[in-house]
Every structure is written in C-alpha cells, then in structure tokens.
Amino acid sequence: MKYNMCRPVNKYLDTFISDEDMAMIETIAKFVEKEVFPKRLDLEGGWHRDEKLAEGTLDDLYAKLVALGYQKLGVPKDYGGMGISTALRLALNEELARGDSGLSVHAGKAHAVLGPFVATGNVKKAREYADKLLSNDCYTAALMISEPQGSVNIEDPAQKGRTIRTKAERRGNEYVLNGHKIWGGPAGPAEIFQREKLKGHLGYSLVATTDPSAGDEGIAVFHVPADSPGLSFSNYIKTMGMCFTDRNCEMWLENVRIPEELRTGGVEIMRSRMTTGRLGCAARCVGVAQAGFEIALDFMKDREIDGKPVRERSLFAAQLGEIASEIEACRAHYLYVASMLDNPKKYGPRWSEAMIARASAARLMAGRMVLSTLKKVMEFMGAYGYSFEYQIEKYYRDIIILQQGFGGPQRDALDAIRSYYTFDWR
Ligand SMILES: Cc1cc2nc3c(=O)[nH]c(=O)nc-3n(C[C@H](O)[C@H](O)[C@H](O)COP(=O)(O)OP(=O)(O)OC[C@H]3O[C@@H](n4cnc5c(N)ncnc54)[C@H](O)[C@@H]3O)c2cc1C
C-alpha cells in the first residue's frame, strides 16, 4: 500500500472493527492488490467483451476468494459460520469494490438465499444452505425483486406492495407462482451455473404478492430453486457496466410450484433487503471512490505543470483534500449505521422505517460522492482519465447501478425523510 493513510488500519476505526476483523480486511486488501488489479479489465472480457474471458476470470477470482474463506464469513455462528458483524461485512465490500465493484457484488450473492431461512426460523433449510456455503465449493444465488413495469414502486414502502404483479396463489400446502421478473442476477437455466469452478446456483429469493389489495400483508418472499419447472429466461441483458459480473436477465414464472416451507417471510424480509442492500451499495461506493482517489494521487505525482507535479500545485492539492474528506465522511457514515444495525434493541429492527432511513441516507451521500469524485479524477487526468487503460471509465460505468439499484437516489431521499414524518403519494 503506497499511502499510509490508505492502509486498512488507518481507514477503519477500532470502535467498529476489532483486531481480528482487521486481519480479515488486510487479507482481502492484499488479495485486491495481487489478484484483482491485474485482472479487472478481464472481468468484462477486455475491450472486445470476450464472454469466455470474462466468465473464466470471474470464476477464478471468486474461487480464490472462497479458498480464503469469503463464502463462510456471513454464515451465522449458530450454523457453524463466523457470524461477522455488519461493519466488517461492509468494510470487506468496500475493499473488494476498490478492486472491482462488480466482483464485490458477485461475492455477496451466494448469501441471498440463506438470510431469509435464518430470519424465519426454518432451521432445516437454513442448515442445508449454510452447509453449502461452508463447504469449499463455490456457489451463486440471486435476488428477484424488480419487475418490468417499475421496480422503484415495488421498493417504495408507501406503496405497500400494491404494484407487485408476480402472484403467489396458495393451493393446499404449496404456492403456485406466476409472473415476470427482470434484472435480478445472475439468472438463467440452472445448468449454466455448473462449471469447472462454480458448483451451482442456490436459487432465487423472490418477492411476490399473495394479494395486491392486502397492503403489506400481501407481500411474500419465496425461495425459488434454480431448476424449478416453469422458469424460463431471456438472454443476458447488455448493460453499461457490470457487464458480466451481474448477468441480468428477464425471468418468467409459469405455474411454478413452491412448497410452503419455501415461503421465507414477507414484508419484513423485503424491507430488510432495502436496508442492507443500500448500505452495501454505500460501502462499495466508498471503495470505488478510494480507488479513483489513489489513481489520481499516482497520476498527479508524475504529471507536471510547469516543472512541478500537478498534485503539488495548490489548486489541485486542495481539491484532492476535499475528495479525501468526503471519502472519510462517507466511510464513517456507513460504519456507524452498520453498528446501529447490529443493535436492533436500541435502534430498531433492520426493516424499521428508522433503519431504512439511515441506510438510505448513507447510500444517498456515498452515491453522490463517488460520482463527483470520479468526475473530478477524470478532469485531473485529462484524456488519460477518459481512456480504457487507466480504468477510471470502468469504475464510472460500474458504479452507476450501485447508486440506482434498490430504489435509486430519489427513493433514498424520500425514505430518509419518511422516518421524520409520514409521506404517502395518495
Ligand atoms: C446491473 C443491474 C443489476 C441489478 N440487480 C438487481 C437484482 O439483483 N435484483 C433485482 O430485483 N433488481 C436488480 N436490478 C434492478 C434495479 O434494482 C432497478 O433497475 C432499480 O431499482 C430501478 O428500477 P427501474 O429500473 O424499474 O426504474 P423505475 O422504477 O421506473 O424508476 C426510474 C426512476 O423513476 C423514479 N421513481 C419511480 N418510482 C418512484 C418512487 N415510487 N419513488 C421515488 N422515485 C421513483 C426514480 O427517480 C427512479 O430512479 C438491477 C439493475 C441493473 C441494471
């Protein structure tokens, strides 16, 4: 690490991060330097978007992370895992995103299906999935909230699930699901996720409605196994960033039969996703801003204006100082919200209005900060900042969806204010 202030021990306050946690952060930070930086352009198959190169690079990097124990970290202690704190989980998200935000998102996917089983006390199923995550095999999974008619209206708590169109009808001791999802990823036929370095897809944690007129009571979350009869998929949707790490698809459900034990809760699980999802995005925004900042520090050391390094000119030094301050403020913000999240008795459960508000506020600020940071870094670097080789452009393309997913900045702002007074569209 070239800059002392950029070392993990100087970034994460020990109020939030123990010495043992710091050792894990250091391990991932080293992994990023050694393994991710040299490969990150390959994660989207290079300039020509070579799909095989992208897939191979992603599988290889994820397998190395699994070998380091990354997949085990989020499994709760009761199920044999490490049960890490939210602050540590987010700091790891940040460090991985410093390498590549798409990889950071991908590395968290496998846990999408375990949390709801744990939260709803389905011990048998939680153990089954925890055991997979604790093995040395690599897995992935996905979250399916979004629908083509507008995802933010689904993520909007004021709309109480009225706009969800994927229906779940109870028949005896099972549910029959019909509907159309989009964007959740990685998605696709189950067999394409059985590869040399990927054991399989653990399924979809999917939001549906049992009755759109029932308000929050109608919101239901299901575990949909990846090989369920009745699922079909579009080809991958081509996107501006995270081109191959997210593998977004359309997904159709036609009379998909789900046993009742795979109903993994309702509105509380759905709202918890907003809190943890947005907070995860906040941490990743900070990691990407940190990466851009360090690229700028290096570049501006070697580039000169009238015989002196650019970063030693006060006009530019002051702007770098502003960037550093904003990154530190956004990091402190997400870490303190993470600590509140781990103290639900005092600050409210993760699905509460207060916790959604705090996480949304952290993401709102971090999303603005990372975009303004990368824009300034591009300005400082001139044409080099705009070029493929210097990688700022990839960070820029990838990060946009971390600001827009789980509802976007307008939703963040509205959810931040909803904890102060009731706000409804009607
Ligand atoms: C790379 C990528 C990965 C993704 N991964 C996933 C995933 O894993 N799972 C998943 O379920 N989805 C995923 N998404 C979808 C993503 O979460 C949604 O695209 C996002 O929430 C915005 O929804 P929308 O595109 O339907 O836009 P819309 O809902 O049409 O919203 C567009 C804009 O309109 C405004 N708006 C609309 N309604 C409201 C409202 N009620 N309150 C405030 N503002 C509003 C906002 O400004 C909003 O940004 C992914 C998308 C991409 C591109």
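Cys285 touches Ala366, Gly367, Met369, Val370, Ile399 and Leu402 once residues up to four places away in sequence are set aside, where two residues are in contact if their C-beta atoms, placed from the backbone, lie within 7 Å. The model is predicted, and local features need pLDDT of at least 70, side-chain atom pairs count only at pLDDT 80 or more, while totals for chains, interfaces and linings use all residues. Residues are numbered from 1 along each chain as its sequence is written.

Cys285 also belongs to a group of residues, with Val207, Phe222, Ala282, Tyr334 and Ala366, that touch the most other members of the largest nonpolar core, which holds 124 residues. Such a core is a set of buried Ala, Val, Leu, Ile, Met, Phe, Trp, Tyr and Cys residues joined through C-beta atoms within 7 Å. A residue is buried if 20 or more other C-beta atoms lie within 10 Å of its own, exposed if 12 or fewer, and partly exposed in between, with C-beta atoms placed from the backbone. Helix α10, residues 267-302, gives the most to this core, with 17 residues; helices (H or I, at least four residues) and strands (E, at least two) are DSSP runs, numbered from the N terminus.

**Chain and domains**

The protein chain has 16 helices and ten strands. Its radius of gyration is 21 Å, close to the 22 Å that the globule rule gives for 426 residues, so the chain is as compact as a globular protein of that length; the radius is taken over C-alpha atoms, and the rule is 2.2 Å times the number of residues to the power 0.38. Along the principal axes, the C-alpha atoms fill a box of roughly 80 × 50 × 40 Å. Of the 426 residues, 49% count as buried, and among contacts between residues at least 6 apart in sequence, 73% join residues at least 24 apart.

The chain is divided into domain 1 (4-133), domain 2 (140-266) and domain 3 (269-418), with bounds that come from an automatic or database domain assignment. The C-alpha centres of domain 1 and domain 3 lie 19 Å apart, and 22 residues of domain 1 are in contact with 24 residues of domain 3. On the domain 1 side of this contact, the elements that give two or more residues are α5 (86-99), α6 (101-109) and α7 (114-119), and α5 gives the most, with nine residues. That side divides into ten nonpolar, seven polar and five charged residues, where Ala, Val, Leu, Ile, Met, Phe, Trp, Tyr, Cys and Pro count as nonpolar, Asp, Glu, Lys and Arg as charged, and the others, Gly among them, as polar.

**Shell around the ligand**

Of the 27 residues around the ligand, Ile145, Ser151, Val152, Trp183 and Gly408 come nearest, a residue being near a molecule or strand if its C-beta atom, placed from the backbone, lies within 6 Å of it. The elements that give two or more residues to this shell are β1 (139-144), α9 (152-155), α15 (392-404) and α16 (408-418), and the largest share, four residues, comes from α16. The shell draws at least three residues from each of domain 2 and domain 3, and by class it has ten nonpolar, 13 polar and four charged residues.

**Individual residues and backbone geometry**

| Residue | C-beta atoms of other residues within 10 Å | Class |
|---|---|---|
| Met365 | 21 | buried |
| Ala187 | 27 | buried |
| Asp306 | 5 | exposed |
| Phe406 | 27 | buried |

Met365 has its place in helix α13, residues 353-381, and, leaving aside neighbours within four places in sequence, is in contact with Cys330 and His333. Ala187 lies in the loop between β3 (174-182) and β4 (200-209) and, with residues up to four places away not counted, touches Ala142, Phe233, Arg247, Cys249 and Met251. Pro186 is in the loop between β3 and β4, and a cis peptide bond, with omega of about 0°, joins Gly185 and Pro186.

Most residues other than glycine have a negative phi, and most peptide bonds are trans. Asp306, although not a glycine, has a positive phi of about 50° and is found in the loop between β9 (304-305) and β10 (308-309). Phe406, in the loop between α15 and α16, has a positive phi of about 50° although it is not a glycine.
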